[in-house]
Every structure is written in C-alpha cells, then in structure tokens.
Amino acid sequence: MNFKIDKTDANARACTIKTAHSTIQTPIFMPVGTLGAVKSLDAIDLKEILDTKIILANTYHLYLRPTSKVVREFGGLHGFSKFDRSFLTDSGGFQAFSLSKISKPDENGIKFKSHIDGSTHYFTPKSVLDTQYDLGSDIMMILDDLVALPASFERVELSIKRTINWAKIASEYHKSNKQKGVGIDQNIFGIIQGGTDYNARKFCAEMLCEMEFDGLAIGGLSVGESNEEMYDTVEAVMPFIDKDRPRYLMGVGTPEDLVENVERGVDMFDCVMPTRNARNGTLFTSFGKVNIKAAAFIKDDNKIDPHCDCYTCSNFSRGYLNHLYKAKELTFFRLASLHNLHYYLNLVKQMREAIMQGKFKEFKKEFYAKRGVL
C-alpha cells in the first residue's frame, strides 16, 4: 500500500491510497458488500455507474457461506464477484459478537455458533487472517474484542487488553506470512478499542501505533453511545493516531456523521445505512431525507434531488419510484440504492474538493444550511 497526504485543512485531510487493485482518494465511503455483493447491485453498477474504488465484504459471512476456500478457487473476491477494484474485509468479530446467540470471547479468540446452522466455530487472530488470505482482500482487519456501550470500566479494560494482545499476534503472523510469499499484496489495519473512555482509547491507540500496521481504525463506536459521545471520542483519540497512515472509522454512519468526523481527521468510512435505507424507501438528498413512500409523490414528475445527477435522478421521477416501492417491484431496490450510494460517494468527493481548496469550514456551513440547520 502506498499512502500520501495530499492536503490538510485544519484537521480534515485529503489523501491518496494505492492498493494492488485501485487508487482511492479520501475522504472515502466504502459501500458494504457483506456477501461479496452490495445488495441489489452488481460489479458493473459499482464500476461503470458509481465508479466505486473500494467496497467492504464480511469475513464472518463468507467464512460460513460459501466458505473462504470456495471463494479462493474463483480467484478470491475479485475473481468471484468480478469487482476488480479494492476490497476491505472486516475480521468478522463484530458479527460473531452480534449474530451468535452464544458468543464467548476468551483470551485467545471468540467462540460462536453459526446463525445459519448452529454449528460451533472459533475465531483467533491468526485464523481470521487465514480466511482473509483466501478471500484475497486488499485491506484486512484484524480480530479485536468489541464491547457494546455503555460498558463497565472492567469490561473496557479487558477489551483493550485482548485487542492489543491479538494485534501483536496478528501483526507478527502477517509479517511472517509475507516472508513466505503469502499475502504480499494484502494490507492489515489495527483496530483501536476503548469505548468512550479517554485513557483506554489513548493507551490502545499508542500501543497499536507502535506495531507495523498499514492503517489504523477506530472501532467500537456507533454501538449505543450518543452522537456527541462518538464525536468527542474520535476527537480525543485522533492526536494519538499516527498521521502517516489511513484512519478508518468503522460502521459510521449518517451524512452528518461523515462531515463531523472528516472535520476531526477521519479518512475512511463504511456503513449499511445508504443501502438499507434505500430498500426501506428513505432517500438521501442535499436538503435532507425523503420518504418516497409518501402520497405526496404519487404524481410528482421531479427527480429525487434537483441537484443530483445520479443514474436514477437522470432517468426516473419521484412518482415512478413511489409506484415501484408500493408495487414491491424489485427494480426499486436497485434504483434507490444507486441514488443513495451516489449521494454518499458524491458527498465525500465534495468534502475532498473543499479540503483541497482550503474551504472545508465553508463547506460544512453550507451543508447544514441546506438542511435548515444553523
């Protein structure tokens, strides 16, 4: 991986990340393709319509089905999905934590039961990397110990202890494998835990910065804390994260979350929100959210957002989308997802342009003004 800071505007950054499969300009939003596909879209949609440079796939789900060994036989995620740009794969730890009825982390890893057939499995810092080597992702997330918030001081302390220990194991394992010719074009990111506890976050960040990670992520947020607590935590930990590596805020979030956290120095984001909201009839616009299910749109010949030039807005009306949703026509999922993802990708592109021009403060003010928020 090659990483370069192109411009800063206060704490906001515009950077360039080069992997074996694509060049990524930050700030960047990564559409979530859990099973190797962004729901309702294919690789052609992602490349030719959205010009997506990187998407996220899920280690837990692909490990269980079709299994990483099957994906490997197809040439990894790139060959399997035909999306030949960059993939980031998470460690699967969050899904083991959230989907399993019996999820038991211990000092060596996480024991869990499959949500598909109830079979028992065990993730370790080494095993999740082995799975991701099979998947062939450009960026691999290491295993960490996630806790739901609010959490006790004792549980947060245990979380960072395990996370740091697992990070050491993963870093050394990846270094050893590369020397053997395994994962040469793959990169690993460490994950900073610590809840909303300042000292825990600071300690975890400092320890991970000493290790040979290609990038660093802030994990364990947007899991029960308020927006202000999330913003304050990101702002507090940022001075302890190496500026010469990409900074990734995991699983966040709303357009407002992206703007606020870019301002605090975050480079990379992912979230299911744009596609999940699309499927439920909620569309993002420059002036806020639109509920396309509303009766007011039945005869509306306008496009979703007058300022949007996405594929959907360029070709279809609010009235048509209202009809598709109410008729439960599957085409709606694709058109709505294309619009919402275009909105997110265009938002980060606009933020990058503002940073490059030294006008991020003005951009943020205008962003909120369009929403009627002073």
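Ala10 lies in the loop between strand E1 (2-9) and strand E2 (12-18), where helices (H or I, at least four residues) and strands (E, at least two) are DSSP runs numbered from the N terminus. The model is predicted, so that local features need pLDDT of at least 70 and side-chain atom pairs count only at pLDDT 80 or more, whereas totals for chains, interfaces and linings use all residues. Residues are numbered from 1 along each chain as its sequence is written, and side-chain values use heavy atoms, with hydrogens and water left out.

E1 and E2 run antiparallel and are joined by seven bridges, two strands being taken to pair if DSSP finds at least two bridges between them. The two strands form a hairpin with two residues between them, and Asp9 stands opposite Ala12 in E2. Most residues other than glycine have a negative phi, and most peptide bonds are trans. Ala10 is exposed, with a relative accessible area of 72%, on a scale in which buried means under 20% relative accessible area, exposed over 50%, and partly exposed in between (1.4 Å probe, protein chains only).

A positive phi, of about 80°, is also found at Ser40, which is not a glycine. Ser40 is placed in the loop between E4 and helix H1 (43-49), and it is partly exposed, with a relative accessible area of 35%. Two cis peptide bonds can be described alongside these residues: one joins Thr26 and Pro27, with omega about 5°, and another joins Val252 and Gly253, with omega about -10°. Pro27 belongs to the loop between E3 and strand E4 (28-30), while Gly253 is in the loop between strand E13 (247-249) and helix H10 (255-263).

An open sheet is formed by three strands in the order E7-E8-E9, with antiparallel pairing. Strand E7 (104-105) and strand E9 (120-123) are its edge strands, each pairing on one side only. Strand E8 (residues 110-113) pairs with E9 in the antiparallel sense over four bridges, and the bridge partner of Ile110 in E9 is Phe123. Strands of a sheet pair through backbone hydrogen bonds, either parallel or antiparallel.

The largest pocket has a volume of about 800 Å³. On a 1 Å grid over the protein atoms alone, a pocket is an open set of points where a 1.4 Å probe fits, with protein on both sides within 12 Å along at least five of seven lines, and lining residues have an atom within 4 Å of a point. Grid points are joined across faces, edges and corners, and a volume is the space filled by probe spheres set on the points. Of the 32 residues that line the largest pocket, Phe94, Gln95, Gly251, Asp270 and Val272 are the closest to its centre. Strand E5 (54-58), helix H5 (93-99) and helix H11 (273-279) are the elements that each give two or more residues to this lining. The lining of the largest pocket divides into 13 nonpolar, 13 polar and six charged residues, with Ala, Val, Leu, Ile, Met, Phe, Trp, Tyr, Cys and Pro counted as nonpolar, Asp, Glu, Lys and Arg as charged, and the others, Gly among them, as polar.

The second largest pocket holds about 490 Å³ of space. Its lining comprises 19 residues, of which Leu50, Asp51, Leu345, Asn346 and Lys349 lie nearest its centre. Strand E3 (23-25) and helix H14 (331-356) are the elements that give two or more residues to the lining of this second pocket, and H14 gives the most, with seven residues. By class, the lining of the second largest pocket has eight nonpolar, five polar and six charged residues.

The end C-alpha atoms of H14 are 38 Å apart, which agrees with the 38 Å that its 26 residues should span at 1.5 Å a residue, the expected span being 1.5 Å times one less than the number of residues. H14 is followed by Gly358, whose phi is positive, near 70°.

Asp305 is located in the loop between strand E16 (288-291) and helix H12 (311-315), and is buried, with a relative accessible area of 3%. Not counting residues up to four places away in sequence, Asp305 touches Thr285, Ser286, Phe287, Cys313 and His339, contact meaning heavy atoms within 4.5 Å. The C-alpha atoms of Asp305 and Ile102, 203 residues apart along the chain, are separated by 45 Å.
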